[in-house]
Amino acid sequence: AQGWSATTYTLPAELFDENGFYRVTLTSTDAAGNLSQNTMAGKSADRASSFPVDFAIDGDAPTASLVGVSSNEAYLDPEKAAVVDAGDSVALAQARVYVDDHEVAAWDATSFNTGDLPELELEVDGKPHTYVLEVRDRAGNISTATYENVLVTGDWLTFVLNTPELLMTSIGGAVVLLGIIAAVAYLVWRRRRRELAKRNPFGHGRSEG
């Protein structure tokens, strides 16, 4: 209506089949030799600014992990914390942590660009919990890291009872200790019996069968 023509261009998808950043440049030249590009000022629809076409293709899922935590582990620590490690090859969006299906913490992309990764304080109640870290990038890709049966306590007895290796070691140690006590008691009993026999070699005072 204003004397301008409009053309629709369809770019084949195979031009963008690799992850990365892309820029599309449109160049036109009129019969007088005047050249225009969409990156030049005044080339937007309202003729007020440039009209760059920049975008990124990201088909890879982000990375997600809680550093310092493992599934099926018990920790003896009154203030146990895990480092939240999240990243993406193009652009991170956010990270969320769920404890037993309840969201307890969330961070945006800026929290992972400062050099100091955020930390998560774990539940210190002597009970097993499931921790799930969910990381999403700006392209919508999602990664999750799940840590099941994680127990943190400040109580030594609770820690031992929930640590199979220590529990078996403790039980084994108790059995060995009881064996030593029984052996010592037996040796003391035999020694006393020999001493008693020396003092009474004819068995006086013993009833005869």
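This report walks through the fold, the sheets and a few individual residues of the chain above.

## The model and its overall make-up

Please keep in mind that this is a predicted model, in which local features need pLDDT of at least 70 and side-chain atom pairs count only at pLDDT 80 or more, while totals for chains, interfaces and linings use all residues. Residues are numbered from 1 along each chain as its sequence is written, and side-chain values use heavy atoms, leaving out hydrogens and water.

The chain has two helices and 12 strands; helices (H or I, at least four residues) and strands (E, at least two) are DSSP runs, numbered from the N terminus. Read from the N terminus, the order is β-β-β-β-β-β-β-β-β-β-β-β-α-α. Of the 209 residues, 22% are buried, where buried means under 20% relative accessible area, exposed over 50%, and partly exposed in between (1.4 Å probe, protein chains only). Among contacts (heavy atoms within 4.5 Å) between residues at least 6 apart in sequence, 57% join residues at least 24 apart.

Let's follow β11 (residues 128-137), which runs antiparallel to β8 (residues 92-99) and is joined to β8 by seven bridges. Across this pair, arginine 96 stands opposite glutamate 134, and tyrosine 98 stands opposite valine 132. With β12 (residues 142-153), β11 pairs in the antiparallel sense over eight bridges, and histidine 129 has valine 150 as its bridge partner in β12. Four residues separate β11 and β12 in a hairpin, and glycine 140 in the turn has a positive phi of about 95 degrees.

In a regular strand the side chains alternate between the two faces of the sheet.

## The three-stranded sheet

A further open sheet has three strands in the order β5-β7-β10, with antiparallel pairing. Because β5 (63-67) and β10 (119-121) stand at the edges with a single partner strand each, one side of each is left without a neighbour in the sheet. Neighbouring strands of this sheet are turned by 25 degrees on average, direction ignored.

Five bridges join β5 to β7 (residues 81-87), and valine 67 stands opposite valine 83 in β7.

## Valine 90 and the surface

Valine 90 is found in the loop between β7 and β8 and is partly exposed, with a relative accessible area of 24%. Leaving aside residues up to four places away in sequence, valine 90 touches Phe21, Ala56, Ile57 and Asp58. Valine 90 and aspartate 137 are 47 residues apart in sequence, yet their C-alpha atoms are 8.0 Å apart in space.

Leucine 26 lies in the loop between β1 (20-24) and β2 (27-29), and at 45% relative accessibility leucine 26 counts as partly exposed.

Definitions and conventions:
Pairing = 2+ DSSP bridges. Axes fitted to C-alpha atoms, helices over the stretch in contact; angles between N-to-C directions.
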